[in-house]
Amino acid sequence: MCGIVAYIGTREAYPVILKGLKRLEYRGYDSSGVALLNGGLKVYKKKGKVAELEESLQGVDLHANIGIGHTRWATHGEPSDRNAHPHTSASGKLAMIHNGIIENYAQLKQELIKKGYVFHSDTDTEVLLNFIEDIQKNNNCPLEEAVRIALKRIVGAYVIVLIDNENPETLIAARKGSPLVIGIGKNEHFLASDASPIIEYTKEVVYVNDYEIAIIKPDELILKNLGNERQTPFITKLDMELAAIEKGGYDHFMLKEIFEQPQTIFDCLRGRLDADAGTITMSGIEKYADEIIAANRIVMVACGTSWHAGLVAEYIFEELCRINVEVEYASEFRYRNPVINKGDVIIAISQSGETADTLVAIENAKQKGAIILGVVNVVGSSIARASHAGAYTHAGPEIGVASTKAFTAQLAVLTMIALKIGYKKGTLNHDRYLQLLKELDAIPDKVASILQSTEAIQAIAEKYKDAPSSLFLGRGYNFPVALEGALKLKEISYIHAEGYPAAEMKHGPIALVDESLPVVFIATRDSFHEKVISNMQEIKARKGKIIAVINEGDEQSLS
Ligand code: BG6
C-alpha cells in the first residue's frame with residue numbers, strides 16, 4: 001500500500017501535497033517524494049518519513065501550481081532514495097507516481113532493455129513509465145493515448161498519476177484495483193488515495209472507477225474508459241469532517257480510535273437498531289434476505305482483522321440462523337479456484353474497502369453467480385461498489401494501520417445481519433431476539449465503562465512489556481477474539497504472541513508454559529465459562545502468568 005497525492009490549480013502545490021502525504025502516511029512510510037512543474041520538472045525524494053523529505057527541502061524554491069507526491073511502502077525494490085517515487089522517464093520529460101503492483105513488469109522491462117532503456121531503480125513503476133513513454137514516442141500520440149495503450153497490456157493493480165514537462169496544464173491519472181479520489185474545487189483539482197488530503201479544500205469528489213483514465217486540467221475533468229469512450233464523472237459529497245481524521249489530543253491515531261469505540265459502535269447501530277420497537281433496519285440486507293435465508297452456505301471473505309471479524313460472525317450466524325458458514329482468507333480464496341455455486345452468499349468484510357485480495361476474490365465469486373454482500377467502512381470504496389448490496393460500518397476514517405474500531409463496528413454490523421436473518425427465518429424466537437437487541441443496544445455504554453479502566457490496563461502493560469512471548473486463549477466466540485488480541489500485540493509491540501482455542505492447549509502448546517509466559521484469557525461468563533476456568537488451572541499448574549478479561553464481579557475466575 002502506498003499513498004498518492006496530486007494537485008493542479010491556482011494554489012501552491014507543494015504545501016497541499018506535503019500535508020496530504022502526512023495524512024496518508026498510514027499507507028506507507030519508507031520513503032516519499034514530490035515532483036513539481038514550474039518552467040521545468042523538479043523531482044525531490046528521500047528515504048524515510050515525509051518529515052525527512054520536508055526537512056531536506058527547507059530553503060528550496062518549491063513554487064509550482066502543479067505537482068504530484070507519494071509516500072511509499074516498498075513492494076519492488078528496497079526502501080531507498082532511488083526507489084522512492086516519483087520516477088522520471090528516460091527522456092526526463094515525464095514523472096509518475098504509482099500505488100499498486102505491476103505483475104508483468106519483468107517481461108516489459110526485458111523488452112525495454114532490448115530497446116536500449118536503462119533503469120535507475122528496481123521498481124515496477126519505472127518500467128511502466130518508460131513503457132508509456134516508449135509508446136508515446138513510437139506513436140507520436142498524446143500522453144493520455146499512450147497511457148491508454150500501455151494499460152491494455154498491464155497485468156496487476158495500479159493508480160498512476162503523471163505530469164508532463166511539455167504539457168504543464170494537465171495531469172493524467174488512471175486506476176485499476178487501487179483507490180483514487182479526485183476532489184473538485186474552483187479552477188483546481190486534488191487527487192489522493194483517500195479523501196483525507198482533500199476534505200479541507202472541497203467536499204465534492206469523484207471516485208474513479210477501475211479501467212478509467214482521468215485527464216485533469218485546473219478547470220476540467222475528463223474521464224474515459226480504456227476503449228476511449230467518455231464517462232460521466234459521478235460527483236459524491238463527502239460526509240466526514242476534518243476533525244474526524246486528526247488525532248484529537250491523543251498521542252497516536254490507534255489510541256484515539258480505541259477510545260472512539262463507544263461512539264463508533266453507537267453510530268453503527270444508530271438508525272438501524274430500535275430495541276424498543278424490536279426492529280433492525282438495513283435496506284441492503286432486506287433486499288437480499290430471501291436469498292440469504294435460502295443459501296446453502298455463507299462464505300465470509302476477508303484479510304487480517306476483518307478475517308477475525310468473519311470468524312466471530314461464523315459462530316453468530318451458525319447459532320442464530322442455522323446456516324452453514326465458511327470463513328476464508330481472501331488471499332487464499334482468490335487463487336485456489338474454489339467451488340462456488342450460484343446462490344452462494346459471499347460476505348466481504350473490509351475496513352478500507354480496497355484490499356486487493358478481497359476485491360479480486362469477490363469479483364471472481366460474482367462471475368460464478370454468487371451474491372456479494374459488503375460489510376465495509378469506507379463509503380464508495382471499491383469493495384462497496386463491487387458488492388450487490390451490504391451495510392456500511394460507519395466507524396469513520398481509521399488511520400491507525402492496526403485495525404481497532406473497525407473490528408468492533410464490523411462485529412456490530414454482522415451481528416445485526418445475523419439477528420435480522422435469524423428472526424426472519426424463524427431460527428431465533430421472538431423473546432430471544434428482543435433480548436439480544438437490548439444487549440446489543442447496551443454495548444456502546446459497556447465499552448465506554450471498560451475504557452475508564454485505563455490505569456489498570458496500563459499497569460498490566462508495564463508489568464509484562466518485556467515478556468519475550470505470550471499466549472491469548474479463548475473458547476467459542478472468544479477464540480477468534482483471542483486471535484485478534486495476539487495479532488494486535490505482535491503488530492504493535494513486536495512481542496511474539498499466539499492465539500489459540502483454550503482447549504487445544506493440552507495438545508502441544510502447553511509445553512511452552514512457564515513462569516515467564518503471560519497468558520491472556522478471554523474468559524467472559526458464557527456457556528464455556530466453567531471449561532475456561534479449568535484451562536486456567538492447567539496454566540496455573542505450570543506457573544504461567546494469567547491475565548484474564550472477565551465479567552465484573554466474577555469471583556470464580558479470580559480464585
Ligand atoms: C492489514 C491491516 O494490512 O489489512 C489490518 O494492518 C487489516 O489491520 C487488514 O485488518 C485488512 O484490511 P481491510 O481494509 O480489508 O479490512
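Which strand does β9 pair with, and in which sense, parallel or antiparallel? Keep that in mind as you open the viewer.

**Before you start**

This is a predicted model, where local features need pLDDT of at least 70, side-chain atom pairs count only at pLDDT 80 or more, and totals for chains, interfaces and linings use all residues. Residues are numbered from 1 along each chain as its sequence is written, and side-chain values use heavy atoms, with hydrogens and water left out.

**Stop 1: the sheet**

Select strand β9 (residues 181–185) together with β11: the two pair in the antiparallel sense over three bridges. Strands here are DSSP E runs of at least two residues, helices are H or I runs of at least four, and both are numbered from the N terminus. Two strands count as paired if DSSP finds at least two bridges between them. Click on G183, and you will find its bridge partner, V205, in β11.

Now widen the selection. Eight strands form an open sheet with antiparallel pairing, in the order β3-β2-β4-β1-β10-β9-β11-β15. β3 (41–47) and β15 (235–237) stand at the edges with a single partner strand each, so one side of each has no neighbour in the sheet. From one strand to the next, the twist averages 20 degrees; such angles run from 0 to 180 degrees between N-to-C directions, with axes as lines fitted to C-alpha atoms. As a reminder, strands of a sheet pair through backbone hydrogen bonds, either parallel or antiparallel.

**Stop 2: salt bridges**

How many salt bridges does a search of the whole structure find? The search finds 27, where a salt bridge is a side-chain nitrogen of Lys or Arg within 4 Å of a carboxyl oxygen of Asp or Glu. Side chains of opposite charge can pair when their charged atoms come close.

Select E200 and R23, whose side chains meet in a salt bridge at 2.9 Å, N to O. E200 lies in the loop between β10 (188–192) and β11 (204–207), and R23 in helix α1 (residues 13–23), so the pair ties together parts that are 177 residues apart in sequence. E200 is partly exposed, with a relative accessible area of 30%, whereas R23 is buried at 13%. Buried means under 20% relative accessible area, exposed over 50%, and partly exposed in between (1.4 Å probe, protein chains only).

Next, select K93 and D164, which form a salt bridge at 3.2 Å, N to O. K93 sits in the loop between β5 (87–88) and β6 (94–102), and D164 in strand β7 (residues 156–164), 71 residues apart. K93 is buried at 13% relative accessibility, and D164 is buried at 5%.

Then pick K424 and D290, with a salt bridge at 3.7 Å, N to O. This pair links helix α13 (residues 405–425) to helix α8 (residues 283–294), 134 residues apart. Are K424 and D290 buried or exposed? Both are exposed.

**Stop 3: the ligand**

Select the ligand and show the residues around it, including C303, G304, S350, A402 and E491; a residue is near if one of its heavy atoms lies within 4 Å. Helix α9 (residues 304–321) gives the most to this shell, with three residues.

Look for polar contacts, which are pairs of N or O atoms within 3.5 Å; within protein, one must be able to donate a hydrogen and the other to accept it, and residues adjacent in sequence count only if both atoms are side-chain atoms. A ligand oxygen is 3.0 Å from a polar backbone atom of T305, and one is 2.7 Å from a polar backbone atom of Q351.
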